[in-house]
Amino acid sequence: MAPKRKPLISGNWKMHHNHFEAIQVVQKLAYLLSKEDYDQVDVSIHPPFTDIRSVQTTIFDQRNCELIVGAQNCYFEEKGAFTGEVSPAFLPKLDVKYVIVGHSERRELFGETDEIVNKKVKAVLKFGMTPILCVGERLEEREAGETEAKVASQVRAGLSGVGAEQVGSMVIAYEPIWAIGTGRTASAEDAQSVISVIRAVVAEIADADAASTVRIQYGGSVKATNIKELMEQPDIDGALVGGASLDPEEFARIVRYRDQA
């Protein structure tokens, strides 16, 4: 029997919350979530870079708060003349454990290619952090029946040259582009279908052990009202939450999906 994968719920704040607001959100989450919640689910929050230090120290100051600090992105070079970029070497010094890599907004708005995403995956791993590798299809690709081929291609490219043991320790997030910030959500069955393909591709390019341990999230208009149904699927190991993570009460309800009737 495959080992049980502990779910990971990640809140991607995107370009929201200044560092004063970030402190308030962390304090509210510390109050709303309990040790029992953290025993059941890993919880990461991914604030803007300008908030990370404030988030780190606020988590440290809260009693029994086990929120994990994450970043939304990084560059793939350790140092150099790369104005405006953030080195992956800087992030562990701020206790960052997870880094989102290849989010659809990075791909669509900032032109990140599969090659760049792969370099970032390797850079995050090199500095002892865990990448959350994002993959997903556009609406036109879905309507053309190209979802599985597109997602499989992104997984293969993103994991190219990464060892099986490292792959097994990673997180992959399936985020259909047509569902991000639109209010539209893939049905739990559709999400499970694509995520099962992702797991099969991991088994093919790494090995069965990696496929059994890699955690695969769903992202795309995740809310407290749909999280439980998603999490009941056998291959869905968590969620990459966007807008709903900005509200600590809503995000706490997502983390506590097991409490729903």
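Helices (H or I, at least four residues) and strands (E, at least two) are DSSP runs, numbered from the N terminus. The model is predicted; local features need pLDDT of at least 70 and side-chain atom pairs count only at pLDDT 80 or more, while totals for chains, interfaces and linings use all residues. Residues are numbered from 1 along each chain as its sequence is written, and side-chain values use heavy atoms, with hydrogens and water left out.

N64 is found in the loop between α3 and β3. A positive phi of about 55 degrees is adopted by N64, although it is not a glycine. N64 is exposed, with a relative accessible area of 56%; buried means under 20% relative accessible area, exposed over 50% and partly exposed in between (1.4 Å probe, protein chains only). D95, in the loop between β3 and β4, also is not a glycine and has a positive phi of about 65 degrees. With a relative accessible area of 36%, D95 is partly exposed.

The loop between β3 and β4 also holds N73, which is buried at a relative accessible area of 8%. The side chains of N73 and K120 are joined by a polar contact of 2.9 Å (a pair of N or O atoms within 3.5 Å; within protein, one must be able to donate a hydrogen and the other to accept it, and residues adjacent in sequence count only if both atoms are side-chain atoms). Neighbours within four places in sequence aside, N73 is in contact with F49, L91, V99, I100, R106, E112 and K120, contact meaning heavy atoms within 4.5 Å.

Helix α3 spans residues 52-61, of which I52, S54, V55, Q56, T58 and I59 are buried. These buried residues pack against α1 (19-32), β2 (42-46), β3 (68-71) and β4 (96-101). The axes of α1 and α3 are 9 Å apart, and the two helices pack at an angle of about 30 degrees. That makes α1 roughly parallel to α3. The contact involves H19, A22, I23, V26 and Q27 of α1 together with S54, V55, T58 and I59 of α3. For a second pair, helix α5 (residues 114-126) and helix α7 (residues 147-158), the axes come within 8 Å and cross at roughly 45 degrees. That makes α5 oblique to α7. Axes are lines fitted to C-alpha atoms, for helices over the stretch in contact, and angles run from 0 to 180 degrees between N-to-C directions. Angles under 35 degrees count as roughly parallel, over 145 as roughly antiparallel, 65 to 115 as roughly perpendicular and the rest as oblique.

A nonpolar core is a set of buried Ala, Val, Leu, Ile, Met, Phe, Trp, Tyr and Cys residues joined through side-chain atoms within 4.5 Å. The largest such core has 71 residues, and those with the most contacts inside it are I9, I45, L67, L91, V99, V202 and Y218. Helix α9 (residues 188-205) supplies the largest share of this core, eight residues. Apart from it lies another core of nine residues, among them I68, I132, C134 and A173.

I9 lies in strand β1 (residues 8-12) and is buried, with a relative accessible area of 0%. The C-alpha atoms of I9 and Q217 are separated by 8.0 Å, although the two are 208 residues apart along the chain.
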